[in-house]
Amino acid sequence: MVPLVALLFHPVLPSASAVDPPTEAETVFEKEVRPVLVQHCQRCHGPRKQESGLRVDSREAMLKGGVSGPGIVPGKPDQGTILAAVHHRGDIAMPPDEKLADRQIAALAKWVAAGAVWPQANTAPAATQDSIAASTRKHWAFQPVQAPAVPKTQNSTWPASDIDRFILARLETAKLPPAPPADKRTLLRRVTFDLTGLPPTPAEIAAFLADTSPDAFAKVVDRLLASPHYGERWGRHWLDVARYADTAGDGADYPVREAYKYRDWVITAFNKDLPYDQFIRQQIAGDILAKNAPADQYDDYVTATGFLAIGKRYGYSPKPDYQYLDFADVIESVGRSLLGLSLGCARCHDHKYEPVSIEDYYALYGIFQSTQWAFPGGEEHKRPAHFPPLVPPAEVARLEQVKAQELAQLDSEIAKLNRERGQLDGTGRVGGLDLGLENQPLGKPPAGVWLSAGPNAVLAEAQSPFAHVHPTGTRGVRVGSSAANNGVRYVFRPGLRAVAGQKMHFTIDFRTVAPTDKTGAYRFYLGQGVIASTAVDCSVTPTEFAIKNGSKWEVIRKLTPGTWYTLQLTIDHATKTFSGQVGTANDRTTFENKSVFPGWNGVIDTFICDGNGHVAGPAATRDLDNLGLSETAFPAVGSTTPAVAPLPADAQARIQKLDAEITAITKRRADVQARVAYPVAYAVSEGKPMNVRVQLRGEPDRLGAEVPRRFLSVLGGDPVPANEPGSGRLQLAEWITRPTNPLTARVFVNRVWQGHFGRGLVATASDFGLRGSPPSHPELLDHLTARFMASGWSTKSLHRWILLSNVYQQSSLADEAGRAADPENILWGRFPRQPLDAESIRDGMLAISGLLDRTPPQEHPFPPVETWAFTIHRPFHAVYESNHRGVYLMRQRNSRHPFLSQFDAADPNLSVAERKPTITPKQSLYLMNSPFMHTQSTAFAQALLQQPGDAQAHARAAFEQVHGRVPDDSTIAEAVTFVETYQNQLTQGKPPTPAQTVAAWAALGRVLFMSNGFLYVD
């Protein structure tokens, strides 16, 4: 068995790039570390002031530290004074006024652990803007795109296209021949994974092998480009660049339910071959373009702007407190993904390496500040907000009206049933039979329809002696003396609303419990909700009763502790006045034409008794009873006929039926209320147009001069017109995609080349600036770019040109001289062998096992939005496993998917230009032992054993399905021996059971899945 394993596990190491691009660590420093140091540290530890001898404005200064020792120790975040101080460990706590946010501390610790990379530390002194401008005029990436002459080659038979001629000319100059063509099996597996991320099936292999026509491969390319799986594969490439995730980031990492709509839009756009310039314009300004788009495409245009919204978010609420960090993300991402330029460094100062000034940065900032951003939810504001509708404004208004009318109809039905019920049980007048007090247990706080806070209880001795409102009962409410905001609340259902020609009537019986030493006042509040709109306030001390006349307290009469009093009010919304009387049956004080609370909205549905009266201090304990609110006047105190008669016995059955109807309709209303009137997207929309001021050193509270909105100076600096009523995003989209822009098309053409060959013609795919690597074949890059724009920016055409070239169809093998002369394959004299990415490994296994669900899935099963209460200490986290393709898996920013992270999937917190493959023991252990792997290998074995043939036939089929090829007979025999040995170990010499046979073939399946023959593409 050793030879087979050795064959399958022969290591293939990824080659290094000829020119190392700027590192991810540098990007992280500029986005997450430098802003913290500038904003929170350098005032006291910078060039002007160095408390304790410490400076934090350079790496050298931080290494040196201050009087207490080194500030940082690279690679050791548990050492150094700075991290100890920001953690508030020990005697020193920095910043002293307020501790840094957890995410900021984590960013500093991560930076130190990774070696404390500081871009200026190992570079030449920063160039001046004048010198940068001079170099810019000569820098290749800022020159206009040309259509260079196609070179002539000595070998005229090998080139099948102009691409081949450009490549061959360089090879001939280096005296190197191109590699021979790849065999048909290798080529089919290569292009199938390349365009769809899936392996070819045995039937597809057989069909291609049998097709001997000259255009056999071209037909394969066309078939794969027409496959829906093409968009899934190449959409995933774009989603890496677009920093796509299904959660918002920040500490709580809130789910974004609608994010998948942008993902699906990207996939569809690639499948439709949406011209790339339109693809970009819609992602930047789709909501604006939607106004003139076909009605059936309105939702697509709006959804496309998810490209802007989808980045990592920093705010806790929809307020703009942290938007400067959101804008830093989007400006940097737009620069890298579309222009191949780093823009983020210009947030604090003129860019040290690129022709981008701080004014350029804030000119773009103003465009995004003039935009309304969807808020995904956060620790303070836990619900999504400002998600734009996916239907036009007129349809929004119509659908909202339809919903409002449906709710109004249900409200009318509920009100009608409540009125009938109220007539039966008395709740239509004065809250029903003693407001439910007679059903409350003695000795406990009032509950149910009552709300209580503080030392309150239902007591027999709190029963009022008066019977003019409710029949004589057995108990009342005693409200104890406690905090001013404590007390009791009663909500009247359905309450009263002002009606022309009709007044509102209120009554309550009360007494101050004697004896008492409390001199503060308690209050009777009437209005809508908990002080949402106050109608009347009354106030009681042990010795006096007062009312608030408008906004001023006015004492009405003296009181005696221990005496029961009745208060009756009549409130007239039409005149904004109230009148009433307070006293006993034989001693009543009347008051008239007092002003209701200014601004009262005409609704009374809530009574509150608390300690916020007209005299400060602790309020006395008091008894309350016989509370009532009615459209008709109450009988005078002393009347022997109560306003509420006992419930008739024959009414109970009807009340129960009414209750059931009210419950059912109320549920229907809740369903209608919860129903989304129209779909929305996680996207952007137009806001209030504005220019912004420069933020000095990147600090939003230190402002410099105002900068008009415009494009980058190096690319024209076109201003947003002064009379532009919009944000300027439409103009930005047009500037980026105009054919004279030397970057946009070049950057994308290079990304497509990289997608096919593993490395671009420019190795630094997101950095075409002065620090990026120059193109290996600049004329070829311009040739493809000019042709790409001339084709109408057709991505599928670009694929065809590349794939049908002999450069692409070369073997990955090269002779020893070729490898020695061009070890990094810069000249493309052979096809570069490439590892499968995480999604292709997973999807390939699922496809081969037969368990892959090839249909697009539904949205992610996030918890219901009304339950969201995630915090930085209890963040959202979930893994939703499925058999759908990897592009559809839920991606979290702060907690990576276990499979995808294991195999180097893109970090969604950054715009990722290329994936850096690794070879680690954990990967092998996962492939040996994970439940996912065992599930796939078992399903693969079961399907394999259902095919006709003997063990040798099954082994051949296994190799063909997993590796796309059939090895020689000796390897087949070795595989069969492996299965037999494994099976014998399971059976211990007994006849195998079907399950044991499957287990043995599943073991072979795992070996094949773990091998380079599967994990790499030649």
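Visitor: Is Lys219 buried, partly exposed or exposed?

Guide: Buried means under 20% relative accessible area, exposed over 50%, and partly exposed in between, with a 1.4 Å probe and protein chains only. Lys219 is partly exposed, as its relative accessible area is 42%. This is a predicted model, where local features need pLDDT of at least 70, side-chain atom pairs count only at pLDDT 80 or more, and totals for chains, interfaces and linings use all residues. Residues are numbered from 1 along each chain as its sequence is written, and side-chain values use heavy atoms, leaving out hydrogens and water.

Visitor: Which side chain does Lys219 meet in a salt bridge?

Guide: A salt bridge puts a side-chain nitrogen of Lys or Arg within 4 Å of a carboxyl oxygen of Asp or Glu. Here Lys219 pairs with Asp211 at 2.8 Å, N to O. Asp211 is buried, at 19%.

Visitor: How many salt bridges does that rule give?

Guide: The count comes to 43. Some join into a network, which links Arg236, Asp240, Glu839, Arg891 and Arg915.

Visitor: What about Arg1006, which is buried yet has no salt bridge?

Guide: For charge, Lys and Arg count as positive, Asp and Glu as negative, while His and the chain ends are not counted. The nearest side chain of opposite charge to Arg1006 is Glu974, 17 Å away. Still, the side chain of Arg1006 has a polar contact of 3.2 Å with that of Ser937. That term means a pair of N or O atoms within 3.5 Å; within protein, one must be able to donate a hydrogen and the other to accept it, and residues adjacent in sequence count only if both atoms are side-chain atoms.
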